Amino acid sequence: MFNLFYFMLFLFNKSGIIFNYLYLLSMTHILKTLNSWFWWENIWMPVNVTWAHFVDRDGLVFPKPHQLYATIPYAFILLIIRFFSERYVAIPLAKALGIKNVRRVKPQPNPVLESYFRECSKHPSQSEIQGLAKKCNCTVRLVEKWFRRRRNLEIPTVLRKFQEAFWRFSFYLTSSIAGFIFLHDKPWFYDIWQTWVGYPFQTLLPSQYWYYMAEISFYWSLLFTLGIDNKRKDFLAHVVHHLAAIGLMSGSWCGNYVRLGTLVMFVHDTADFWLEAAKMFNYARWEKTCNMLFIIFSIAFFITRIILFPFWILRATLYQPTYYSTTPVIAYFLFNGQLLVLQGLHLYWGYLIFKILRRFIFLKDLKDDRSDEEEEDSVTDNEEEPAKNGNKNGCGSSKHLLNSSHH
């Protein structure tokens with residue numbers, strides 16, 4: 001009887017091993033099939049062109065898909081550079097501009113209020129505050145103060161916002177200058193038709209390689225730090241933008257749309273550093289400088305994103321390829337679909353910028369309703385102070401500029 005039991009157990013274990021082996025074989029086969037489908041030439045290449053044509057030869061160098069793996073370690077290198085630049089450059093600069101690292105006062109531990117804050121509302125109404133005060137056996141003022149302090153803990157300090165804006169400003173300014181140096185002597189910088197001359201057998205330049213690696217790595221680094229960077233109410237739009245940017249740049253690299261890709265990157269970066277500079281002076285409360293920089297950014301944004309991008313870039317990707325091929329490949333629809341998504345984000349952010357500009361022109365009020373501002377607070381819990389609007393929504397004072405990036 002025992003021998004039969006051990007024999008059955010042996011068969012069961014063997015069958016489990018065989019099942020796992022068959023499962024791994026099937027998964028390997030599925031992954032190989034998906035990989036072959038993904039790299040099917042008809043998706044990426046014009047008619048009668050295969051991957052074999054993209055082997056380096058006769059002084060011609062072509063982009064290789066496997067080179068994109070390097071963007072992940074490059075992203076971590078950028079994170080290291082960001083850490084040191086924020087710590088040893090941004091902080092001294094912030095102090096020179098008069099930005100202080102304000103100490104946040106933590107609220108007294110209170111399980112009832114903490115549970116309500118997490119599960120119900122961060123901005124309770126006056127009646128809800130009164131109910132919580134009775135439940136906790138404390139005054140309404142202390143409950144209001146507790147919620148103010150608790151909300152403030154989830155809002156980055158002005159110094160932290162300045163550091164983040166400084167890093168983005170540094171990268172966008174550097175990439176804009178580098179992009180201009182790389183592109184100013186190229187014929188396709190002035191004649192968009194030149195982006196298709198010789199396609200797809202256009203050699204890859206060293207400047208194009210590093211331009212791509214830096215840009216893709218930067219957006220990977222932004223994705224890696226989304227959880228710790230300044231939270232914005234258009235958080236989802238930023239995630240979509242970063243993923244679309246990485247997908248577009250990676251896809252254009254694989255399909256050797258590098259000339260157009262560098263133009264797209266340059267068009268985007270030339271407006272963004274003006275916004276980050278405006279935010280830095282906003283945090284330093286240099287109001288006139290901030291307003292001037294924001295107006296410059298708005299002009300640059302509308303020229304590059306609302307005019308140049310759709311009527312220059314999209315025209316080159318949607319219309320001009322039909323002159324070079326009567327049978328557009330699948331990648332044509334994939335790339336243009338992502339570019340149209342990007343243009344939709346441009347229109348969304350352009351609408352928000354227009355609202356802010358209109359409010360500034362007619363009300364002299366530059367603020368962004370998407371980024372919470374720290375609420376004023378006192379240092380001690382027993383301080384008797386007048387109640388300050390218990391359901392304040394924390395949208396910021398009327399002097400605060402747009403605190404969100406528009407890429």
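## Aromatic pairs and helix packing in a predicted model

At 0% relative accessibility, Phe294 counts as buried, and Phe297, likewise at 0%, is buried too. Both residues belong to helix α11 (residues 287-318), where they sit three residues apart, about one turn of the helix. This structure is a predicted model.

A search of the whole structure finds 32 aromatic pairs. One of them joins Phe182 and Tyr211, and this pair links distant parts of the chain, since Phe182 lies in helix α7 (residues 158-183) and Tyr211 in helix α8 (residues 206-224), 29 residues apart. Phe182 is partly exposed at 25% relative accessibility, whereas Tyr211 is buried at 3%.

| Pair | Centre to centre | Angle between planes | Class |
|---|---|---|---|
| Phe294 and Phe297 | 5.9 Å | 45 degrees | tilted |
| Phe182 and Tyr211 | 5.8 Å | 65 degrees | edge-to-face |

Ring pairs also link Tyr74, Tyr209, Trp210, Tyr212 and Trp253 into a cluster.

In helix α4 (residues 111-119), the buried residues are Leu113, Tyr116 and Phe117; because they cover an arc of only 100 degrees around the axis, they fall on the same side of α4. These buried residues pack against α5 (126-136) and α6 (140-153), while Pro111, Arg118 and Glu119 are exposed on the other side of α4.

UniProt, in an unreviewed entry, lists residues 115-152 as "DNA-binding region"; over this stretch the chain is 76% helix and 0% strand, with its end C-alpha atoms 17 Å apart.

The structure holds zero disulfides. The sulfur of Cys136 has its closest cysteine sulfur in Cys138, at 5.0 Å, which is too far for a bond.

Terms used
Residues are numbered from 1 along each chain as its sequence is written. This is a predicted model: local features need pLDDT of at least 70, side-chain atom pairs count only at pLDDT 80 or more; totals for chains, interfaces and linings use all residues. Side-chain values use heavy atoms; hydrogens and water are left out. UniProt positions are given in the numbering used here, feature names are shortened, and annotations may be inferred rather than shown by experiment. Helices (H or I, at least four residues) and strands (E, at least two) are DSSP runs, numbered from the N terminus. A disulfide is a pair of cysteine sulfur atoms within 2.5 Å. Buried means under 20% relative accessible area, exposed over 50%, partly exposed in between (1.4 Å probe, protein chains only). The arc is that of the directions from the helix axis to the C-beta atoms. Contact means heavy atoms within 4.5 Å. Rings of Phe, Tyr and Trp (its six-membered ring) pair if their centres lie within 6.5 Å; planes under 30 degrees apart count as stacked, over 60 as edge-to-face and the rest as tilted.
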